[in-house]
Structure formats: C-alpha cells, structure tokens
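Have the structure open while you read.

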Amino acid sequence: HCGDPKRVQLTEEHQCESSICSGSSEIKSRAVVKYCAAPPPTSYALLQEKTDLKLPPANWLRENPQLGSAGTTILGSSSKSKPFSSFGMAYEFIDCIGDDVDVVSDSENIKKLLKIPYSKSHLSMAVHRVGRTLLLDELDIQELFMRSSQTGDWTWLKEFYQRLIDQKWQRKKKSKEHWYQKAILSKFLYYSINGDGAAEPQSDGLNEGEEDSGADEFSSSWPTAFTSTSNAEESEAPKQESVTVDSSFALGQVTSVPKEQNLPTIFNEGENGQGLRNDFVRNIMWTFEDIHMLVGSNMPIFGGGRYPAVSLRLRDNNKPINILTGIDYWLDNLMCNVPELVMCFHVNGIVQKYEMIKTEDIPHLENSTFSTRVVKDIAQNVLSFLKSNCTKEGHTYWLFKASGSDIVKLYDLTTLCEEAEEEKYQNPFTLPVAVLLYKVASNLMLNARQNRKHYGTIRTLLLNCVKLLHQDRHPQIIASAHYMLSELFQLDEPLEEDGGESLRAGGSEDSYSDEDREEEEEEDLTEDSDDDGSYSNCSSPQDDSKAVAVIRSVGELSVPEKYRSTHQIRPSCAFPVSQDKEERCRLVLSYVLKGLKAVDGSIKKESDLPAADPNTPIPLKYEDRSATGACATEKGISLLLERAGPLQGEPKHTTRSGMIPGSWQHHMKLKLFFKASKAYYVLSDAATNLLKYGRALRYIKLSLQCYDAYCSVSGTLHPHVLLFHSQCLSLCGDIQLMLAQNANNRAAYLEEYSYQTKEDQEILHSLHRESSCQAFSMATDLAMDPEYQLFVSSKCYEAAYELLVSEPLKDLTSDQLSQVLKRLGNIRNEMGVYYMNQAAAMQAEKEVKKSVSAAEQEMWKKSFGFFEKGMKDFEAIGDSTNTALLLCNTGRLMRICAQAHCNLSGDEGRGEFSPEEALYYNKAIDYYLQAMKALASREKHSAVWDSVNWELSTTYFTLATLLQDYAPVSRKAQEQIEREVTEAMMKSLKYCDLQTDSARQPLYQYRAATIHHRLASMYHSCFRNQVGDEHLRKQHRSLAELHYSKAVSLFLSLKDAPCELLRTLLERVAFAEFTMAGQNSSTAKLKSLTGAIEIMTETRHAFQLIHKELQEEQTEVTNGPMAGLNLQEVMKLIGVFEPSFSFLLLQVIKLMTTAKRKPSNKDDELLKTYKNVYSKLLRAEKNAPLVSRVELYVELLQQLMQRTGSDDTGTRKP
C-alpha cells in the first residue's frame, strides 16, 4: 500500500466461507480476505425520511475516517482503474502467482467480463500470463492514443485500430445527469457515516460500485490516503498516517527507466513510486466454483442489520433495477463475503425508504432476474478462452469488444508490435511484466532449495523476463536474472538419482498445468473448433486476420463448457538436467558472462580502461622454469599467501573499472565472479578425474583469476569464500603434482592448456576490467621441469594449509584440514622420493667410485628434510599407515647413503665393509623397525606391513652378506664377524614370511634357502679351519649339517633354482668327504662314503630341472633367447660334479672290494651297481652335447637310487 502501512493481520473469523443457493442448484463461492486497510466496519446512519440528498452535509468532502478521500475522488476526476492495478496485487502476493491463482484483477474488471453477454458497452483489457495465472487490467485505448500523439509511441497500434476496428468510435462525453448522480451518491455516503465519525481518526478507502448500465464508465480505484496500523483484535483507534498520492496515474512513467532498486528481491530494497502498488482497500482470495481469483475491491462495507457486514446502495425509485446492476450487486457481495445489501431509495434526491435484501436473493429481484448458473458458465468459458489463447509468457494480449458489437477479439500486441517493426520497449506493459516474472522467479527461488521441481519453472520465467528487457535500460534486472539462472545449476552437489528423474520427467510442469481440466480434451477441441467455428476464422472478415482468437457471439459464453482450456501450460519448462558436469558448468558460465556484460555495460567509465578486444585471446603463459632462480619463486609464493589472506574493511574508492563500492553493480560482480570461479573449479576437478591435466590446469587458472578479480573488488572475504579458495589451491596442487608425475605426456598437456574458447576469452576480458589477474600466475603456469612442478604443488598445499589455520577458518575446517595435511604429507613424500632418486642416479652415473660428492650429500639432506616434514603431517592427522610408508622411504634413503660409502681398493673391486656402511644400514634398520611399530599389526594395512617386512629382511640380509663377503678382518676378530653375520642372517630369516600366501612368497623361500646355504658354508669353513677345540668343532659340524639340510629342502620346494640346489648338494658332499678324511676305520669310512653317495643321488632333482629347461630352450630357440638357465654356471658345476662323483664311486668300490668280512648278497648287488655306474661314467663321451650328458647323469643317479634305496633328502649323519 502507499506509504508503508502496517498490515492488518486477519484472524480466522474474518476468513469466512459462504455457499449461495440459487433455486435447486448451488453455486460455490468462498472469499478469504488476504489484506484489509479499513478498520472493522461501523454501523451506518439510517437517514430520516425526506432527507434531501441534494443539500451537502456538514462534513462533505472533508478527509474522513470512514470514507478516506472517497468523496473528493468521486467529484474530482473520472480517473479510470489504474492500468497496472493487477501488478500491484501480484507483487504483494507473489506466493500465489503462477500456480495457485487463475486470475488477478480489480473486481470491476471481473464484473465487466462476467457481464459480457448482457452488456452492450465496449470492453478493452490487457491480459498477461505468468505460469497458470492471468493478470487482467483495463486498457484505455483512447488515453493511450492521446498520449501517443504527444510522444509518437504506439502510432502503429493507432493506425491498426482505426483501420481494422472502429474508425468512428470516440469517447462519449459524460452527461450532466452522470455528474449529478455522482454528487448525490457522494453526499449520501457522507450522510450515512454514523454520528460524528468524521472526527475519529480511522481510515477507510471506499468505492461505490456501478450504479447501472450507464455507469459503466465509472470504475475508479480510489487511492487510500489513510492507512490502518491497527491489529484486527484491537478496538482502540489506530494512529493516522497521511500520504499524498498522485491520483492521475501516467502511463508514460513506466516506459522510463525505473528506479532499479525496487526490482530484484535479492537486493532487499523497497518498492518505488512507479504506481505498481496495491491501492485497494481489500485484497480477497475469491474462489468462484473452481476458479481461484485474487481480487482487489474498494466497496464500502458497513456494520448493522442482522449481519456484521452490509453493503450500502442508493437507488432512484423511479428507475427499476436492471440485470446488469443486479449482477453487479450480487458479485460485489460475493467477492467481499457480505451477506446482505441495504438499499436506500430516493426520488429526486429526497430519501424515501430503506430495504434489506439477502445476497442470495439478489438474482431473483423483479426486473433483474438472472441465473447464477449462467454467470458461472460465463466465468468458466471466459477463463478457458483466455487460458487457451494467451499462451505466451511475457506477451501483452488485448481483449477487445467494440460498443454494441457481439464479437470479442483477442490480439497479441507483442507480436503486432514486432510485425510493425517498432521497438518492443514502447509497450508500457513490458517492464511491469518483466518485473513480475522476475519477482515470481525470485520468490520460487527462495523455496527451490527444498523443492527442485520448480527449477524448470524458474528458468522459463527468467528467460522470458530477459527477453522482454533492453540491456542498456534495465541492466540490473538482466544481470540478476542471469545470476539466478546460473544459481539454478548446483555445481557442488551431485544430482540425486530420484531428483534427477523427476526433473527429467518434467516434474516442474505439474505445478503449471490445468490439472482440473486436462483430461479428455483433445476430441473436444476438434469438435469445438470445426463445428462451431469458435476458434477459427471461417467468415474471415478483414478485421479477424490479425486476431489470435475470436468469440463470434457473446451468447456462446452462456453455453456450459463451450470453451475448454486445452493448452498445456509451459510444455517446455522441464528443467534441462544434464548428467554431464562439463555441460552444466558451461551453461552456468554462459549466464555469468551475460550477467557480466550487463553490469559492465552499465558502468560508464570506459575511458579509463585499457582498450582490449574481447575477441583477442589473452595469452596463457608457460615457461621452462628449471633455470629460474628460487628468488622469483619465493616472491611468487609470498604474493600467493598475501592474496589468500583475509582482507579487512570495505574498499573506499571506486574499483579499477569505475564501480562504486556498495552499488548494485558491485554486489552483482562479486556474485558473478564467485560463481564463475566455482564453475571453473568444477570443470578443473572433472578434467582432473579424466586425467586431462593440461585442461585441468587451464581451468584452475581461470578459477583463480576469477577469484583474484573477486578479491580486487571485495573488501572483506567471508569464511566460505576463503574455504573455497583453499579448495582451489589444493586442487591446483593436485594438478601440478600429476603433471610432474606424467612428464612424458607434456606435449599433449601443453596443447590442452593453450586452448581457449571465445566464452573464456570474454569472461577474462571482463575480469581484466577489475584486476590484472596475475596474483596466482606462478601457481598456474605450465612449467616444463618436474622438480619445479613438485615445488609449486607443495607451495599450493602450504598456502591452502595457512588459510585453513588462519583466524577466520580455524574453527570450521577439521575435515578439510586433514585432507590438506594428507596432501602435504604426500607431496613431501613425493619430493623426498624425487631427491632420493636423483641421489641414486648420481651414484649410478659415477664411472670411478670416488668419495661421496657434495651434490649427493645435498640431495640426501633435501630428501631427508622432506621425509621428516611429511611424517609430521601424517602424525598430525594420526595416519599411521602413511607415517610407516615415509619411515620406510627414509630407510631406503639410508641404504642409498650406505651404498655410497662402500670402500674401493684399487682395481680389485671393493674393499672391506666400512663402519660408515654399517652405521647407515643400522639406521635403515631403525627406521624400518619404527615403521613396524607405527603399524602395530599386519591387520591395519597388510600391503604396507608386507612391504616394510620385506625391506627389513632385505636390509638385514644385505648387511650380513656384505659382512660375510667383505669381512672387516682388519678391524674385527673372525669370531666377532661370524657372530655378527649369524645374528644378521637370523634376523633376516625372522622376517622371511614363509607362511603368508603372496607374490613375495617364492622370493622369501629363495632368500631363506640362501641364508641357510650361506650359514652352512660359513660353519663348513669354520669346521675346516678350526684346530684344537673339539667341542666347538662338533658344534660347527652339527650347525653346518642342520643348515645344509634346511637349504636343500627349501631349494627343492622352489622348482626354479636347480643351480643353487646343485651347488648346495655338492658343498654338502664335500663336507662329508672332509669328515671322512679324518676317519681311520674302514667301516666308518664306508658309512661316510655311503652317506655321501646318498647325498649325491639327491642331485638328480637338480639335473632333472636343468634337463627340462635345456629342452625348453631348444624348442624356443626360434622364439628368441630365454633368460632361464645360466649355462656357464651349469658347466662349472658339472666340472665339480663329475670328478667328485667318480671319486666317491671309486672309493666305495675300493673299500667294498677290500672289505675283510664276507659280503652279503645285498652287498654284492650294490657293488655291481656301483661298478656299472662307475664304468658308464668313465666311458661317457666328454664332448657330448650338454643335454645328453645331463640325461646320462639323471639315468645313473636314478639307477643308484633304486639300488641303494636312498630315502629322504639325506639328512642322516655319516
């Protein structure tokens, strides 16, 4: 309402419902008062008979609590109903528009429509559609043309109107009688105010309805000068609030640029004085049968009589009530829910009598009888006709019936205007319609978070709104509409399956379809249009060709269901749900760009800007940074953090482009820049998931450029903005890390990075109006050096971390903080590994092994430093698995350091095992043990546990073998060395996991076998070299036996180590031979020899495997060489095997032959076998191919085994 009245909140008792019975049938009518500016009705004064209404009462035309300025308006002007009255109501009750309500209009317009078949008067209305709702307003063509002769607008419509419609029709002059009746009515209302009510400060705004058919012209909506501030429950007199109102509303006002602040609801600013106000005393939600209408009424309501509310009418006793007046009275009372009518009769201004008539009796008054059913049918037909034909949102339709004519026509003025090649902005309805579409969309947007099905509707409303407006005249609405369009696409949340389905299925249409009349309508439409010609232009007179639709005869409106709404409202308003993230982001960016263009266009300070062509690509730099000094990089990083930190206070000065801080342009740019930054972030994230790292880097660069521009414009950075920024930096770190790890695809990444779309160029151009966008260039350039990329990545994560622990965010971000710490730990591990590999490469490249170089040591220091930092990061988030991995990597670094310290002695190869080596190997062991401790058990993370276990076993094994092979005899005693070797070997063996079934199991078996073999060899050697201490010799001998037997069984189970098996067995035979050498008795010697031969027969397993591999090699010679068998090694072992075997056979034959005791049959057989085997061995062809020699050995050993009955793997002692 004008001013800012405090609304009267109505209690439930005001929201009453009535059913009016008419004859046998019943008309359903329900009226709920949504808003009332009048105080509760006071009873009217009953005038004395013979009161002369021609004499003015004492209070006439004074400002009055009961009538407001009603009296002066009645006499003062013939102001019509305001052309935008329905928009004022729609703005006020925006919740109802588009869905719940069929019609919004002044009650006078609704009465005119429902009287069409009975009235000869002309009819001219503007119709607008918003969703399911139609807005009806009076369109005073004559006033429009008077205005057009001054402005030159609308000349096309004037010509069209005169050519096609009514060349002679002019506005009728009002008669003296008309003004006389108005004056009498005004005086009657002042007389009717009870007592001295004029003195009481109560407010009401009144409108007396049409008096008779001749009063058709009089339909003024009087502005109320007094507005109520009282609650419905309060009985005390409310305070006065007087506001001056320009009652002659100028159409021309709206075509001018509006004060923009009344438009977008997102700016939370009040309405302006554009006349788009709700100037009715009452707004009523009236349900007439199944039609829901939001109606504005100014009818005066008094108390008194048997009912709490009556309407007061003045009648000339000499003129009977006609049907038009009867319908008027009936509809007024129905709309305002007034149960009774009080009629005061006069003759020539002298009061005669009063009569009370119930509302339901009005249709049966003498001379004005009408059927309420017919009125209901007229209402339904008119609504259906309009709904079927006014189908385009944003278009202005004109419903016209000439005076005295029976034909009603509907024109689409927007289309006619386009055909006349006039500017669409000349239509005075364009702006209010666009604003209404925008407001309905904004209102839906508030609830859309809960209800996604409205998205399609909101999108359609906003697109239609934008179509109507000129960017130069209404940049604010256009910019905010495009921002809202971009907001419809939620970028940071995945589409739920069910939500997606309902949207794709066009769920948004439900709320916009005429649910109650959509079934079985197809056939009806064809029947209607073909048989009755109600929609077609059969007679096609000249004036029909431009009409959208025509009602041939007003009589048709009385036929029940003659017109039925067949138009499915908004068939295309289903929200376009794309499952493709990239497509959604691209849509968002296209809307952001349009919004930015609108904002930029409204900032006039063009001259200060550097001239840039939006079509020229802005180069995205990339450079090879490997040579760049660290100084420039550090500077870039400090800049990065400075920009990332929270700023304080609003900017005081205009921005680079000339924007004033706090202006709508400023707010809008902030929103659009931030939305663009988010969209590019999502695009970058999607590209990262597709492994398109060049594209990802380009998008994160754009995202950070948008953010940079946002910072340039914004004074304060809110926590959610800083939080988003840390996500961007974190993603940028991820991308740089992936680029470093995939250096071989560099050319493809460079191509992706350099590509730019026109849209991206234009958005960049808009960003450059506010900022140079260089703050983050260091983080987003595509470098060619992996070390630099890793460095940038770590700096991005560090900046993200600094942000998250900064004052504004420290309480908000536990999840994100742990993510960033994890990434920091990871990048530090990557850098540690990078430098460790560099050090290893340097070591490998050294031709002559000199002492450790300074460069190598530098690499170790860097690597160790990064591993340490990374461990702290992982410990901070309690990530024991990754802590263990970093400890494991540090262990590996220690082993590389150990390898670098190995002694070299001239040309002979390496020297003794040095103390530095021992130190680093022991450090490595410490780190591996710490890693085991961090993991606590294999269940926690089996893969990492197994890896640490293997490395630990390997380190112990390496330490032991180096001690054994390059024994530091110059520094330590043999026994000490042996003790250390044994200890290290046994520890290595402890971590050989032979039980767990895994890929490493064969490796563990091979290592365990090797350890046993090496220990056996060591004890064998000790046994041979030991002199004196018999107890120790025995110990060594039994240990050697034990380890040989374990080694043999493990090598046997491996099936792929025949050479190792053969060597172990031959060493074991040599060991048996050596023990035999110290024996004197022939019986003991024979026993030892037999034992040695049994061990020798075990070699058949090795020879069988060698034979198999030799055969495989022969068949696969054609397919290229095999890396299976080491032939040199085989030849060497055969060289040992043959003499050893023949020596054993010869010795055993000798002993058995010279044996003193009588040989048994079994011994004879055995001797024969030995001789036979020995002779075959001696006769064997020395130059025969290797395969046939191996075959012979297998055969001979097999023969021996069968004879000797050799059982297990020879573990018995000689």
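## A tour of the predicted model

Lys1055 is exposed, with a relative accessible area of 57%. This is a predicted model, so take Lys1055 as a computed example to start from: Lys1055 sits in the loop between helix H32 (1030–1054) and helix H33 (1058–1077). The backbone there has a phi near 65°, a positive value in a residue other than glycine. Most residues other than glycine have a negative phi, and most peptide bonds are trans.

**The whole chain**

Zooming out, the chain holds 38 helices and 16 strands. Of its 1214 residues, 56% are buried. If you take the contacts between residues at least 6 apart in sequence, 77% of them join residues at least 24 apart.

**Strand E7 and its partners**

Strand E7 (residues 291–297) is worth a look: 6 of its 7 residues are buried, so E7 is largely enclosed by the rest of the structure. Which strands pair with E7, and in what sense? Strand E3 (residues 103–106) pairs with E7 in the parallel sense over 4 bridges, and Ser105 stands opposite Val295 in E7. Strand E6 (residues 282–288) pairs with E7 in the antiparallel sense over 7 bridges, with Phe288 opposite Ile291 in E7. E6 and E7 form a hairpin with 2 residues between the strands, and in that hairpin Glu289 takes a positive phi near 55°.

**An open sheet with helices on it**

Further along, there is an open sheet of 4 strands in the order E8-E9-E10-E11, with mixed pairing. Its edge strands are E8 (301–302) and E11 (350–358), each of which pairs on one side only. Strand E10 (residues 340–347) runs antiparallel to E11, and 8 bridges join the two. Within that pairing, Met343 stands opposite Glu355 in E11. In a regular strand the side chains alternate between the two faces of the sheet.

Which helices go with this sheet? Helix H6 (residues 176–192) lies across E8, E9 (310–316), E10 and E11, and runs at about 140° to E9. Helix H8 (residues 323–336) also packs on the sheet, where it touches E8, E9 and E10, and its direction makes about 165° with that of E9.

**A helix pair: H36 and H37**

Two packed helices are described by the angle between their axes and the distance between the axes. For H36 (residues 1127–1153) and H37 (residues 1161–1179), the axes come within 10 Å and cross at roughly 145°. The crossing is left-handed. On the H36 side the contact includes Phe1141, Leu1145, Ile1149 and Met1152, and among the residues they meet on H37 are Leu1166, Tyr1170, Val1173 and Leu1177. By class, this contact has 12 nonpolar, 2 polar and 3 charged residues.

**Two buried residues**

Is Glu770 buried or exposed? At 5% relative accessibility, Glu770 counts as buried, because the cut-off is under 20%. Glu770 is in the loop between helix H22 (758–768) and helix H23 (777–780). Its side chain makes a polar contact of 2.7 Å with the side chain of Lys669. Leaving out residues up to four places away in sequence, Glu770 touches a set that includes Thr655, Arg656, Met659, Phe673 and Ser712.

Ala1008, in helix H31 (residues 1001–1025), also counts as buried, at 1% relative accessibility. Beyond its neighbours within four places in sequence, Ala1008 is in contact with Leu989, Cys992, Leu994 and Leu1050. One of these, Leu994, is 14 residues from Ala1008 in sequence and 8.5 Å away in space, C-alpha to C-alpha.

Methods:
Residues numbered from 1 in each chain as written. Predicted model: local features only at pLDDT ≥ 70, side-chain atom pairs only at ≥ 80, totals over all residues. Heavy atoms only, no water. Axes fitted to C-alpha atoms, helices over the stretch in contact; angles between N-to-C directions. Left-handed = near helix turned anticlockwise from the far one by under 90°. Contact = heavy atoms within 4.5 Å. Nonpolar A, V, L, I, M, F, W, Y, C, P; charged D, E, K, R; others polar. Buried < 20%, exposed > 50% of the residue type's maximum accessible area, 1.4 Å probe, protein only. Pairing = 2+ DSSP bridges. Polar contact = N/O pair within 3.5 Å; in protein donor to acceptor, adjacent residues only side chain to side chain.
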